[in-house]
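Colleague: I have a model open and would like to learn how to read it. Could you walk me through a few features?

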Amino acid sequence: MNLKKVYIKLLGTLSTAVGVMIVLFLSSEQQVHYNNAFSRRYPPHPIIKKYYMDLGFNSYYIAGADKNNLYLGNSTAPWHLLQVDLNTKDTFHLKLIPQNRDLSYRSLQIKVLSPYFFVMDGTIPFILRGRLGEWRADPWMYGRAYFSKALPIDSNRIMIRTISTQTQRATLGMITREQGVSVHLDTTILKPSIDGIMDVDGELNYAHDTNMAGYLHFYTNEFLVMDNTLSQIIRRTTIDTTKWAQIRLAKKSREQGVQISAPPVIISNTGAIADDLMFINSDRLGKNEPNNNLEEIAIIDVYNWKKGTYEFSFSLNHTKKEKLREFDIVGNRLVSMQGNKLGIYHMVEKYFISNK
Amino acid sequence: MKGSKKIYAWFPFSISMLCAILFIYAATSKLMDFQQFKIQLGQSPILTAYADGLVWMVPITEYVLALLLLKDSFRLVGLYATIALMTMFTTYIILVLNFSDYVPCSCGGVLEELGWTEHIIFNLAFIVLSIMGIVLLESKTKPKPTQP
């Protein structure tokens with residue numbers, strides 16, 4: 001009879017212990033997924049390195065991809081395009097030719113969106129378009145709109161970031177060419193906090209499988225996802241807690257314009273969007289992360305923008321001299337540009353199924 | 001009678017000593033490599049959000065339990081607490097293995113060589129031993145106050 005009491009006490013102890021653990025588990029799960037606890041989770045090996053390819057130059061950038069080919073532009077050889085067959089590792093050196101040979105340009109950027117390629121310069125401004133395989137670039141837009149960033153989203157539309165003449169602030173917009181060229185700007189998407197130019201600086205991303213566009217802020221923890229008409233804007237935050245851009249601006253003179261006067265706190269370096277997932281490379285360290293390893297690894301955080309959740313993180317090896325510059329998702333591959341190297345990684349499917 | 005009386009005395013005592021040694025070892029090895037422990041706890045998939053507090057709580061609790069177990073007058077409480085802690089740890093392992101998004105790289109600290117399954121068996125053994133200790137201790141001490 002006394003033993004009965006003891007057993008009840010034991011049972012009580014056991015079930016309380018189990019209960020406490022389960023509650024802890026459930027609430028921790030909740031917090032990590034939805035709150036800004038800012039601690040990362042690293043599942044083992046969500047990506048597997050396939051191979052590195054030495055390109056010989058560090059001036060290559062990702063211009064685009066189709067199913068098995070990656071196209072790389074080169075900022076110091078602006079009319080040169082490198083095609084890399086990701087399966088066979090064959091490379092093809094291509095030369096683009098403008099229809100108008102006397103074309104003057106300042107900073108060319110090439111983007112590939114199969115079956116077209118686009119040659120763009122936002123400072124002149126002009127956009128040329130040509131077919132892959134023909135390699136001749138014909139005029140597509142000339143002089144209609146200046147832009148600082150541009151990303152073709154289909155054969156007739158190019159998403160841009162420019163300065164609105166109305167608000168004098170950075171603005172997202174779209175250049176469309178149907179009968180003629182039309183430019184549409186939406187000044188409400190980017191919300192200024194300091195000057196509306198530097199503080200909202202960021203990167204354009206586009207997911208061709210779902211036709212969703214992304215805008216990744218460099219200096220705040222926000223990223224935007226919108227459809228291909230720049231409407232239905234979804235605002236999401238990263239696991240970082242920096243809401244306001246931490247940059248200090250100085251105006252030296254009217255001619256020189258505004259300059260950043262102190263090193264800014266960069267929250268997000270570069271990103272990619274694919275399916276329901278947003279991939280963001282960030283050098284910000286979370287809780288319990290050793291601070292000396294950023295010279296060896298580049299951390300990429302994975303978010304599900306549809307659900308508004310942080311999923312997990314993984315890292316790519318790089319060196320201080322050969323830091324990750326940019327990366328993109330091509331099917332189930334992740335391609336990275338670091339130093340002179342192109343890195344190809346296989347994405348393990350079970351981690352990247354967006355609706356698990 | 002004599003033999004069984006002896007077992008009432010020495011069994012709970014040795015169990016307690018065993019547990020105390022285990023706890024002291026576990027806590028000390030955590031503190032010895034505190035930075036590592038902190039990182040591992042933070043990356044454990046279940047406790048991430050509470051890692052800051054737990055990183056101190058766990059070794060302190062282990063030391064306190066060891067003290068309770070070593071002291072004659074607190075041994076019973078100590079054994080109950082041991083069961084609670086061991087059950088929590090076992091539950092944690094089961095949750096990690098079954099319900100977590102991923103299984104963390106088997107963390108070190110205590111008994112690094114053990115796999116997760118071995119760890120569960122190891123824990124269960126300690127729980128069972130502690131329960132036996134409690135039952136013996138309770139049936140030894142309880143009758144006295146109820147008799148008069």
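Modeller: Happy to! Take residues 7-26 of chain A: this stretch is 100% helix and 0% strand, with its end C-alpha atoms 28 Å apart. Helices (H or I, at least four residues) and strands (E, at least two) are DSSP runs, numbered from the N terminus. This is a predicted model, where local features need pLDDT of at least 70 and side-chain atom pairs count only at pLDDT 80 or more, while totals for chains, interfaces and linings use all residues. Residues are numbered from 1 along each chain as its sequence is written, and chains are lettered from A and ligands numbered from 1 in the order in which they are written.

Colleague: What does UniProt list for residues 7-26 of chain A?

Modeller: An unreviewed UniProt entry annotates them as "transmembrane region". UniProt positions are in the numbering used here, feature names are shortened, and annotations may be inferred rather than shown by experiment.

Colleague: How many helices and strands does chain A have?

Modeller: Two helices and 27 strands.

Colleague: And where does α3(B) bend?

Modeller: A bend is the angle between axes fitted to the seven residues ending at a residue and the seven starting there. In α3(B) there is one of about 25° at B:M57, and the proline B:P59 follows within four residues.

Colleague: Which residues of α3(B) are buried?

Modeller: Buried means 20 or more other C-beta atoms within 10 Å of a residue's own (exposed: 12 or fewer; partly exposed: in between), with C-beta atoms placed from the backbone. In α3(B), the buried residues include B:P59, B:E62 and B:L65.
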